[in-house]
Amino acid sequence: GIVHAAMVIDDGLIRDMNTAQIRRVLAPKILGALYLDELTRGMALDFFLFYSSATTLFGNPGQGNYVAANAALEALARARRAEGLPATCVLWGAIDDVGFLARNQKIKDALQGRMGGSALSSGLALDTLENIILADQSGIGVLEFEWRSLARFLPSASSPKFSDIGRGLTESDGDDEGGVDLQRLLRELPEDELLKTVIDMLKVEIGEILRFTPDKIDSNRSLPEMGL
């Protein structure tokens, strides 16, 4: 069988992306998959595995090209299955100990800060993959996430598409014991210390949205300058 797991990451806000930046990300996934599909049509494959991303389930600001590339893989997998050809597309979440995120800790931390939950171990991911292949399924998302964390940064969180996930949750359900009591800070902190504390909090929030670490955010730059 075939495992198509190629990818290139070249993130940026979609309004700032140029043609070359889009092609760099689409080519390895889409062209690679199309070539493999064409060249193996005459082979009796047991499996044809596409590695997609859970970002196609929710979207991911700054990764419009990457999300589009993965969506194309999922479409090709559906087309192959409709023709009776083997195709299994898995929508991976963050993997902890191998691969791109394992080599880029800051990106992994920012992604997990946005999604909540934990990154998957490669052992658990491979065990799940085996079950998906044996069950002849496709289009399955394999990830851990905490809905309230994700919904804070997901513009479509309130849409009917995700109503089942959020059903039954109330605002109080998401209260975090480690949360910041802003009213208490306003009452108790001196002005200078309060200003620094709020700036640090904003850096964390903005960093999670833009996928930057807080130390890379200049508090003297406006939000539009940072692309937000």
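This is a predicted model: local features need pLDDT of at least 70, side-chain atom pairs count only at pLDDT 80 or more; totals for chains, interfaces and linings use all residues.
Q: How many salt bridges does a search of the whole structure find, and with which residue does aspartate 10 form one?
A: A salt bridge has a side-chain nitrogen of Lys or Arg within 4 Å of a carboxyl oxygen of Asp or Glu. The search finds 6 salt bridges. One of them joins aspartate 10 to arginine 24, with 2.6 Å between the closest N and O atoms. Aspartate 10 belongs to the loop between β1 and α1, whereas arginine 24 is in helix α1, so the pair ties together parts 14 residues apart in sequence. Helices (H or I, at least four residues) and strands (E, at least two) are DSSP runs, numbered from the N terminus.

Q: Which parts does the salt bridge of arginine 41 and glutamate 83 tie together?
A: The closest N and O atoms of arginine 41 and glutamate 83 are 2.8 Å apart. Arginine 41 sits in the loop between α1 and β2 and glutamate 83 in the loop between α3 and β3, so parts 42 residues apart in sequence are tied together. Arginine 41 is partly exposed, at 37% relative accessibility. Asp37, Arg41, Arg80 and Glu83 are linked in a network of salt bridges.

Q: Where do the partners of the salt bridge between arginine 81 and aspartate 136 lie?
A: This pair has its closest N and O atoms 3.2 Å apart. Arginine 81 lies in helix α3 and aspartate 136 in the loop between α6 (122-134) and β4, so the bridge ties together parts 55 residues apart in sequence. Arginine 81 is partly exposed, with a relative accessible area of 30%.

Q: How many aromatic pairs are there?
A: A pair of aromatic rings is described by the distance of the centres and the angle of the planes. Rings of Phe, Tyr and Trp (its six-membered ring) pair with centres within 6.5 Å; planes under 30 degrees apart are stacked, over 60 edge-to-face, the rest tilted. The count is 2 aromatic pairs. Phenylalanine 48 and phenylalanine 50 are stacked, at 4.6 Å centre to centre and 20° between the planes. Phenylalanine 48 is buried at 0% relative accessible area, and phenylalanine 50 is likewise buried at 0%. Tyrosine 51 and tryptophan 92 have ring centres 5.6 Å apart and planes at 70°, so this pair is edge-to-face. Tyrosine 51 is in strand β2 (residues 48-53) and tryptophan 92 in strand β3 (residues 88-92), so the pair ties together parts 41 residues apart in sequence. Tyrosine 51 is partly exposed at 22%, whereas tryptophan 92 is buried at 10%.

Q: What is the order of the strands in the sheet?
A: Strands pair if DSSP finds at least two bridges between them. The open sheet of 4 strands has the order β1-β2-β3-β4, with parallel pairing. Its edge strands, β1 (2-4) and β4 (140-142), each pair on one side only. Between β3 and β4 there are 3 bridges, and tryptophan 92 stands opposite valine 142 in β4.

Key: Residues are numbered from 1 along each chain as its sequence is written. Side-chain values use heavy atoms; hydrogens and water are left out. Buried means under 20% relative accessible area, exposed over 50%, partly exposed in between (1.4 Å probe, protein chains only).
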